[in-house]
Amino acid sequence: MENLRNGYLFPEISKRAFDHTQKHPDARLIRLGIGDTTEPIPDIITSAMAEYAKALSTIEGYNGYGDEQGNMALRVAIAETLYRNMGIKGNEVFVSDGAQCDISRLQMLLGSDVTVAVQDPSFPAYIDSSVIFGRAGKFEEETGKYGNIVYMKCSPENKFFPNLSITRKTDVIFFCSPNNPTGNAATKLQLQRLVEFAKANGSIIIYDSSYAAFISDESPRSIYEIPGAKEVAIEVSSFSKFAGFTGVRLGWTVVPEELKYTNGFPVIKDYDRIVCTCFNGAPSISQAGGLACLSPQGYEATTAVIAYYKENAKIIADTFRSLALKVYGGENAPYIWVHFPGQKSWDVFNEILAKTHIVTIPGSGFGPAGEEYMRFSAFGRRENILEASRRLKSLYK
Ligand code: MLT
């Protein structure tokens with residue numbers, strides 16, 4: 001814990017936003033910082049949760065503990081709906097209270113002795129939980145990196161895909177696509193190279209597909225679209241951004257039976273043991289909601305909400321393009337990654353907050369390669385997105 005350099009990024013952003021509102025009580029704050037959903041959950045999904053909750057008041061409908069791994073009907077629905085034609089079975093899906101919590105449970109599975117590589121920039125939970133598990137080493141001020149973590153730089157120069165020919169071999173590779181924060185989705189060819197790289201090095205990929213529902217082109221929505229991935233990859237994912245469940249809480253992790261340690265022992269057996277020891281299963285009401293999300297009507301309704309956020313993303317991206325800034329992401333993800341050449345991202349954060357009352361996230365919060373970049377979240381009510389666009393245009397015109 002002593003090695004952790006800062007507080008966790010998102011509470012730090014919330015604290016700065018709170019301080020700002022204390023100083024400017026009359027300002028209308030617009031939050032384009034943490035990726036928190038704002039649109040109502042479609043009625044077909046909340047009705048299923050309400051019905052389930054109501055039934056808990058009856059003898060027939062009452063349920064206590066569920067299976068730690070999740071309700072089998074939901075596990076099968078996830079496998080059949082989201083991993084269709086990928087050969088994932090219900091028993092390989094572990095339902096949870098969210099991807100971030102699963103990352104920590106996976107860290108427990110991996111233990112303290114493993115070496116780790118992360119995309120730079122990346123979702124800070126991969127690094128911070130690695131520090132907590134004692135394998136990151138000391139933070140080096142000069143490089144902005146933890147000494148024992150391998151940072152795989154992802155920038156416009158390499159099309160946001162790491163140069164694997166210079167990447168050191170590690171036991172574990174965290175990889176997020178569509179990426180948080182850059183919004184870039186890896187192509188099939190890139191993921192094939194990643195899987196080959198992991199195979200050649202005996203690495204396990206922890207693949208985070210929490211934003212897969214935002215993909216609108218041919219990019220894979222799951223690592224298991226890549227032949228051979230089941231032998232090297234665990235996938236974590238979430239209903240948070242896909243169905244507006246950031247508060248409801250529901251996610252899952254896939255551990256394929258084919259994934260084995262060097263001694264041939266299946267990783268799924270250990271993960272099952274960890275889950276049974278550390279977790280009592282996802283809330284049953286959330287799981288009822290999850291099943292409704294995967295029904296044809298539920299899935300269609302969530303797709304409409306995602307389309308709304310993607311329109312927001314386009315408005316934000318167009319705003320910065322009109323200001324002649326370089327803009328990335330936004331097409332396959334709810335995040336827009338904007339380059340502010342020559343500027344420190346915390347300075348840009350402070351200026352935008354002070355002058356426009358808009359909360360953003362400085363790119364350097366996601367790793368040293370995020371310096372000079374800012375992340376803007378497309379989650380928000382349309383009127384706020386349009387107002388933010390007006391304010392940003394008048395700040396930078
Ligand atoms: C983000 O803003 O990067 C994420 O939404 C935060 C989270 O999922 O914890």
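Guide: Before we start, a polar contact here is a pair of N or O atoms within 3.5 Å; within protein, one must be able to donate a hydrogen and the other to accept it, and residues adjacent in sequence count only if both atoms are side-chain atoms. This is a predicted model, where local features need pLDDT of at least 70, side-chain atom pairs count only at pLDDT 80 or more, and totals for chains, interfaces and linings use all residues. Residues are numbered from 1 along each chain as its sequence is written, and side-chain values use heavy atoms, with hydrogens and water left out.

Visitor: OK, how far is the side chain of arginine 375 from the ligand?

Guide: An N or O atom of the arginine 375 side chain lies 2.8 Å from a ligand oxygen. For glutamine 100, that side-chain distance to a ligand oxygen is 3.1 Å, and for tyrosine 335 a polar side-chain atom is 3.3 Å from one.

Visitor: And how much of the ligand's accessible area does the protein cover?

Guide: It's 85% of the 260 Å² that the ligand has on its own, by Shrake-Rupley with a 1.4 Å probe.

Visitor: Which residues surround the ligand?

Guide: Among them are Phe10, Ile34, Asn180, Tyr211 and Lys241; each has a heavy atom within 4 Å of the ligand.

Visitor: Which domains does that shell draw on?

Guide: At least three residues come from each of domain 1 (9-39 + 298-396) and domain 2 (46-295), with bounds from an automatic or database domain assignment.
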